[in-house]
Amino acid sequence: MKTTILLFTALLFVAGSAIAGNGSYANNGEEITFIKNNKKLPDQYVQRYFRSSDVWKKFTLKNGKWYVEFDELSGSPHRAFGKPIAINAAGNLQTKALHFLNTELKDYMIAANDIHFVGSTVGEKLNYVNFVQYHKGKEVLFSSLTLRISHNDKVMMFGLDIYKDMDINVNPALSPQDAMSKAVQGLVSKIVNTGYNKELKILPIPEEDGYVHRLVYEVTVHTTNVDRIPGKYYTLIDAHTGEIVYRQNQVLSCTPPQPPPPINIQVQGTLFPTHPYDPFAVIPLPYVKVTTTSSVYTDDQGQLILAGAGPVSATISLEGRWCKVVFDNGTVAPSITTILNSGSNTIDFDSVTDIKHLTAYYHITKVHDYFKAKTGLTVMDIQMIANVDVAGSSCNAYYNGDCNFYAESSTCNSIALVGDVAYHEYGHGINYEAYQAYGANFSSGSLGEGYSDLWAMGITEVPEIGIGFYKMSQNGIRSYSGAPKVYPDDITGQVLEKYKP
Ligand SMILES: [Zn+2]
């Protein structure tokens with residue numbers, strides 16, 4: 001018997017759905033979107049510009065190290081996290097969150113009247129508090145003021161997707177009936193019925209130089225096609241011009257019924273792909289260990305398909321194929337125990353560990369892959385220990401069979417955040433392991449330093465090594481952009497020019 005499965009999308013504007021240009025038709029000609037570029041990556045120069053603003057500097061001066069990604073069109077901190085900030089206010093989560101917004105972030109804030117509480121959730125580790133923005137009494141779509149607050153009242157993360165300087169007439173030119181008749185234009189399926197939300201909304205539309213704001217009607221059009229498959233079109237109609245700004249079918253159909261899909265896993269985390277003066281990003285975590293009844297590893301894209309159907313309990317750990325991360329000479333790698341379901345599962349390590357672990361893990365696996373691809377050698381197919389935030393010293397790293405990175409100090413960042421240093425220390429490992437594998441011994445300290453830097457330069461193609469090391473300067477530790485030094489001409493009393501670390 002042939003049946004039809006209807007999947008109702010839980011969210012509007014699902015990432016990855018077909019996106020076309022402004023006002024154009026996509027898919028079956030019925031779906032329309034205003035989103036022109038949904039895969040845009042942060043621009044490091046723009047990010048740097050907003051990070052160096054007086055407002056953000058004031059915030060970090062008071063609250064210590066915080067990482068931030070700005071909305072590049074609005075200049076508002078879209079996501080920020082860092083050293084937990086205590087809230088000195090009594091009351092419920094809503095009150096505490098508002099206090100934080102209006103004290104620590106008051107320079108970014110909109111009028112208090114425009115902040116509307118949506119809800120709060122008490123999680124196992126964190127509380128989540130959410131607000132949306134209103135303007136002239138109308139809800140601003142896609143606005144969000146979100147905070148993650150620990151159970152001891154410290155703000156761990158916040159995000160402000162808010163819009164300032166809106167100049168918008170909130171009196172519609174169109175009647176609801178006009179809007180509904182516009183909403184059905186271009187639909188080929190039979191219209192069953194049409195409804196609208198009497199609360200008009202404000203839609204921020206990203207343009208080249210900033211957001212433009214439109215007053216919109218939310219209209220829902222129910223349809224049925226020749227196969228009697230229903231459609232439910234969530235539609236935004238410009239309340240001044242009548243333009244269909246957005247229209248998406250919330251009913252996705254697939255026939256015939258399928259067996260349960262396999263368990264697809266994507267493991268990811270927020271880390272610095274280069275160094276802490278470039279933006280952080282959510283990056284797939286390759287070769288991560290996934291243990292159910294036995295252990296397997298994600299591939300080089302952080303993905304894994306498990307045979308059989310979910311749900312199944314699994315532990316996913318940064319004890320990877322080529323790197324295990326520990327914290328200050330510990331022995332246990334950060335891990336997540338979770339339930340994996342049939343279909344897609346995204347495992348995000350941000351909730352159980354921090355950017356230092358994730359950054360070190362990422363760069364060690366990256367240099368492993370680079371070495372192997374360049375040489376074809378398997379001598380480094382070992383699980384390198386990345387020992388992060390080693391106490392007792394700072395501004396340095398060393399290799400002793402493990403890669404060791406010192407903790408943050410007043411002059412230096414946590415060294416694990418600097419990709420070049422991971423490549424360099426791993427390079428010492430290559431010197432040691434590769435020579436030994438061929439029955440030789442690598443003993444030149446100076447040459448070893450230079451060799452180790454080569455791995456960093458090979459990967460980054462940047463002659464300056466170690467950007468991100470220092471707090472007060474964005475310079476690296478050394479640079480290879482000068483004239484080359486050649487043996488024996490450039491002997492300077494020592495065996496060779498000596499470098500550290
Ligand atoms: Zn070294």
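Predicted model: local features only at pLDDT ≥ 70, side-chain atom pairs only at ≥ 80, totals over all residues.
The chain contains seven helices and 30 strands. Of its 501 residues, 34% are buried. When contacts between residues at least 6 apart in sequence are considered, 56% link residues at least 24 apart.

The largest nonpolar core comprises 56 residues, and the residues with the most contacts inside it are Tyr-361, Ile-364, Ala-386 and Phe-405. Helix H5, spanning residues 355-375, is the main contributor to this core, supplying eight residues. At least three residues of the core come from domain 3 (263-322 + 333-351), and at least three from domain 4 (356-479). In soluble globular proteins, nonpolar side chains tend to be buried together.

The surroundings of Ala-386 illustrate the packing in the largest core. Residues up to four places away in sequence being excluded, Ala-386 touches Cys-323, Val-325, Ala-360, Tyr-361, Ile-364 and Cys-403. Two of these partners, Tyr-361 and Ile-364, are listed with Ala-386 among the residues with the most contacts inside the core.

Helix H5 itself is largely enclosed by the rest of the structure, because 15 of its 21 residues are buried. Its length agrees with expectation: at 1.5 Å a residue, the 21 residues of H5 should span 30 Å, and the end C-alpha atoms are 30 Å apart. The residue that follows H5 is Gly-376, which has a positive phi near 75 degrees.

Strand E17 (residues 263-271) pairs with several strands. With strand E21 (residues 303-306), E17 runs antiparallel and is joined by four bridges; here Asn-264 lies opposite Ile-305. With strand E25 (residues 343-348), E17 runs parallel, and the two are joined by six bridges. Asn-264 takes part in this pairing too, its bridge partner in E25 being Ser-344. A further pairing, antiparallel and over four bridges, connects E17 to strand E18 (residues 281-284), where Gly-269 stands opposite Ile-283.

A separate description applies to the open sheet formed by four strands in the order E20-E19-E22-E24, in which the pairing is antiparallel.

Leu-73 provides an example of a loop residue. Its position is in the loop between strand E4 (66-70) and strand E5 (77-86). Leu-73 has 15 C-beta neighbours inside 10 Å and therefore counts as partly exposed, given that a buried residue requires 20 or more and an exposed one has 12 or fewer. Apart from its neighbours within four places in sequence, Leu-73 is in contact with Pro-206, Gly-210 and Tyr-211. Tyr-163 lies 90 residues from Leu-73 along the chain, and the C-alpha atoms of these two residues are separated by 9.6 Å.

Notes:
Residues numbered from 1 in each chain as written. Pairing = 2+ DSSP bridges. Contact = placed C-beta atoms within 7 Å. Core = buried A, V, L, I, M, F, W, Y, C linked by C-beta atoms within 7 Å. Domains from an automatic or database assignment. Expected span 1.5 Å × (residues − 1).
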